[in-house]
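I opened this notebook to record what I looked up in one structure. The entries follow the order in which I made them.

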Amino acid sequence: MALLEKFAAAAAIREQLQAGGHDPTQVVIERIISPTEGLVEGRHTILAGTNNYLGLTFDPACVEAGRNAIREQGTGTTGSRMANGSFAAHTALEQELADFYQVPYGMVFSTGYAANLGTLTALLKKGDAVLLDADAHASLYDGCQMSGADIFRFRHNDLVSLEKRLQRLGERAQNCLIITEGLYSVMGDCAPLVEIVKLKQQYGALLLVDEAHSLGVYGDHGCGVAEAQGVMDQVDFFVGTFSKSLGAMGGFCVSPHAELELIRYVSRPFIFTASSSPSIIASTHEALRQLKARPELRETLWRNARRLYEGFKAHGFEVGPELSPVVAVRLSGKELALSFWNRLLENGVYTNLMIPPASPDQHSYIRCSVSAAHTEQQVERIIEVFVGANLFANATTVFRE
Ligand SMILES: Cc1ncc(COP(=O)(O)O)c(C=O)c1O
């Protein structure tokens, strides 16, 4: 039974998480009422941690597109594209995404996680060097690790640290891949892509940018942070997900390099898994259309984000370094964060808890992600509940002392 003994560590984590009342990893939303509201333990709860940036999950046109696809193409593809063939809608979406990023090549994967695994395991092999931002998402790290390449992590968004590693690589720098995200999802800060592109050019490296959280949020057309910073034509590979602004599930990689087409032949996370169901592809297609056609969604999103960010700051909360739709509040200590998160939930606000070792540094955070679908009243209520939880936390700390 030694095999099962390793679960003692997981049991200890569960015990710790349950000590605060509710286990943050096991929240059940009994009924989804809207993109920003659900029923939790019978309570109307504002969903403030969904990544549903544009609030499109209930958009009538997206829902209708999904429905029609089920009716016309069935509930699933029942296999991988390599073995069972591609539905026309999958290839059409690939073209649409490539056009959106103004590059010739595009590939769709079954999840954002698979997009990163699939791209990186095909792109890198043992002996290659990859420079990875220290705060990069687990899927980026896992993809690099699975590839067998040598991984060198540079300090988060730190150009000095990145350049040092490029210098140390010597001639290998010309054959290495730099990986960053656009918007980072923990603190809500953006990568300095202009400067990263300069380094990439100087050392002859390639650059992959994960725009998972920035698609639909940044740039005049909503392509992401590279568009907002004017360096789209310098990015070698864009990856992203359908599970945030596009309100569905799936992932993509687009690129100016023709080699992307060859990834289909060698990428195990692409070959050995079923392709996305027709309803997902159809609703994603429609969501992308909405993203392009309705810039006002982005405007509302940013208005809500500004209100929440400024509101937290005005009440003395320690928030991330820059305004974005990811608004994280830093709290001192795991226990406080856990009880704070519980208090928020009990008062009808669902957020994301990030505590070590899951947080990027040794601090604990409560993260909100703002949606264009949040009403002004919901944003005000989130602030109010945070202030109440803070008063409660301060009072109980004093009481404990
Ligand atoms: C930066 C980044 N990349 C990739 C993913 C994976 O996407 P998905 O959850 O759609 O598989 C995420 C998910 O949160 C992410 O934050």
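The entries below cover conventions, domains, a helix contact, aromatic pairs and backbone details.

**Conventions.** I worked from a predicted model, in which local features need pLDDT of at least 70, side-chain atom pairs count only at pLDDT 80 or more, and totals for chains, interfaces and linings use all residues. Residues are numbered from 1 along each chain as its sequence is written, and side-chain values use heavy atoms, with hydrogens and water left out.

**Domains.** I looked up the domain assignment, whose bounds come from an automatic or database domain assignment. I found domain 1 (2-57 + 295-400) and domain 2 (59-293). The centres of domain 1 and domain 2, taken over C-alpha atoms, are separated by 27 Å. For contact (heavy atoms within 4.5 Å), I noted 23 residues of domain 1 against 27 residues of domain 2.

**Helix contact.** I took helices (H or I, at least four residues) and strands (E, at least two) as DSSP runs, numbered from the N terminus. I then examined helix α8 (residues 159-169) and helix α9 (residues 193-203), whose axes come within 11 Å and cross at roughly 10 degrees. Axes here are lines fitted to C-alpha atoms, for helices over the stretch in contact, and angles run from 0 to 180 degrees between N-to-C directions. Angles under 35 degrees count as roughly parallel, over 145 as roughly antiparallel, 65 to 115 as roughly perpendicular and the rest as oblique; α8 and α9 are therefore roughly parallel to each other. On the α8 side I listed L159, L162, E163, L166 and Q167, which meet E195, I196, L199, Q202 and Y203 in α9. The residues of this contact divide into 6 nonpolar, 2 polar and 2 charged (Ala, Val, Leu, Ile, Met, Phe, Trp, Tyr, Cys and Pro count as nonpolar, Asp, Glu, Lys and Arg as charged, and the others, Gly among them, as polar).

**Aromatic pairs.** Rings of Phe, Tyr and Trp (its six-membered ring) pair if their centres lie within 6.5 Å; planes under 30 degrees apart count as stacked, over 60 as edge-to-face and the rest as tilted. By this rule I recorded 11 aromatic pairs. The pair of F242 and F252 is stacked, because the ring centres are 6.2 Å apart and the planes stand at 15 degrees. F242 lies in the loop between β9 (237-241) and β10 (251-255) and F252 in strand β10, so the pair ties together parts that are 10 residues apart in sequence. F242 is buried at a relative accessible area of 0%, and F252 is buried at 0% (buried means under 20% relative accessible area, exposed over 50%, partly exposed in between, with a 1.4 Å probe and protein chains only). I also noted a tilted pair, F312 and F386, at 4.4 Å centre to centre and 45 degrees between the planes. This pair links helix α14 (residues 295-314), which holds F312, to helix α16 (residues 376-400), which holds F386, 74 residues apart. F312 and F386 are both buried. Ring pairs also link F100, Y101, F238, F242 and F252 into a cluster.

**Backbone.** Most residues other than glycine have a negative phi, and most peptide bonds are trans. I noted N51, not a glycine, with a positive phi of about 65 degrees; N51 is buried at 14% relative accessible area. T78 has a phi near 55 degrees and counts as exposed at 74%. The peptide bond from P356 to P357 is cis, with omega near 5 degrees.
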